[in-house]
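Let's take a walk through this model together. Have a look at it below, and then we'll start with a sheet.

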Amino acid sequence: VDECVTVMNPCGTGMDQTCNDPNTASSSPNDYVCTCNVDMSVTKTNGPATCTNDECSPNPCDTSQMQTCNDPNSSPSSTGDYVCSCPNGVTATGASVATCIVDECVTVMNPCGTGMDQTCNDPNTASASSPNDYVCTCNADMSVTKTNGPATCTNDECSPNPCDTSQMQTCNDPNSSPSSTGDYVCSCPNGVTATGAAVATCVVDECVTVMNPCGTGMDQTCNDPNTASSSPNDFVCTCTADM
């Protein structure tokens with residue numbers, strides 16, 4: 001009796017090992033031997049041998065430094081040949097890399113946000129002793145920075161509108177840099193402006209600013225006797241045919 005034939009899958013279902021029954025006499029059961037194909041020194045009697053030894057499972061490398069592991073030879077007799085690799089390519093065999101040189105501006109996803117308004121710099125790339133120290137600097141104003149995260153590179157002083165909306169004043173901020181303050185401009189409908197504050201009093205001609213104050217026809221004229229903003233709704237419509 002050749003147990004390599006009569007026993008179902010004596011060395012397992014894979015193709016990584018070979019079965020041999022050294023004694024086919026029926027009086028010697030359970031003496032077949034499974035031998036690993038990749039390493040014939042690895043055998044087991046009466047059952048499948050263990051033909052793989054992935055030293056990277058679990059990962060023996062320093063994952064806090066984002067090191068990855070690769071075992072080029074997973075034979076059980078091959079030990080200590082796994083390779084730890086840093087993100088920038090520094091490697092060590094059979095042990096973790098002591099210190100990876102890691103530029104967080106490269107390894108961190110979108111360290112300064114997804115826009116193009118700021119630049120990232122990692123002043124100290126020894127990640128083991130200095131994580132989360134990268135600096136984001138606004139391109140429009142390099143005095144504005146933030147460590148370990150995107151900086152705030154815009155400061156629109158017109159949101160919300162600081163101007164006098166009751167006088168129909170509009171706002172424009174010519175420089176939205178965070179360090180540029182008080183330069184927003186309030187504008188009246190007739191062009192009168194003030195910087196850094198609302199215009200005290202707009203001169204508003206409602207015959208101009210109100211849409212169709214006397215209707216859409218041509219049969220009447222409009223006159224605003226008092227254009228001070230404190231006198232709204234005093235415009236007068238006069239019929240052309242009978243003044």
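An open sheet of 3 strands is laid out in the order E1-E2-E3, with antiparallel pairing. Strands here are DSSP runs of E with at least two residues, helices are runs of H or I with at least four, and both are numbered from the N terminus; two strands pair if DSSP finds at least two bridges between them. On the edges sit strand E1 (17-20) and strand E3 (43-45), each pairing on one side only. From one strand to the next, the twist averages 20°, taken between lines fitted to C-alpha atoms, with angles running from 0 to 180 degrees between N-to-C directions.

Now zoom in on strand E2 (residues 33-36), which runs antiparallel to E3 and is joined to it by 3 bridges. Which residue in E3 is the bridge partner of Thr35? That's Thr43.

Follow the chain on to Pro58, in the loop between E3 and strand E4 (68-70). Pro58 counts as exposed because its relative accessibility is 68% (exposed is over 50%, buried under 20%, partly exposed in between, with a 1.4 Å probe and protein chains only). Met218 is 160 residues away from Pro58 along the chain, and their C-alpha atoms are 87 Å apart.

How far to trust all this? This is a predicted model, where local features need pLDDT of at least 70, side-chain atom pairs count only at pLDDT 80 or more, and totals for chains, interfaces and linings use all residues. Residues are numbered from 1 along each chain as its sequence is written, and side-chain values use heavy atoms, leaving out hydrogens and water. The protein chain has a mean pLDDT (the predictor's confidence in each residue, from 0 to 100) of 85, with 97% of its residues at 70 or more.
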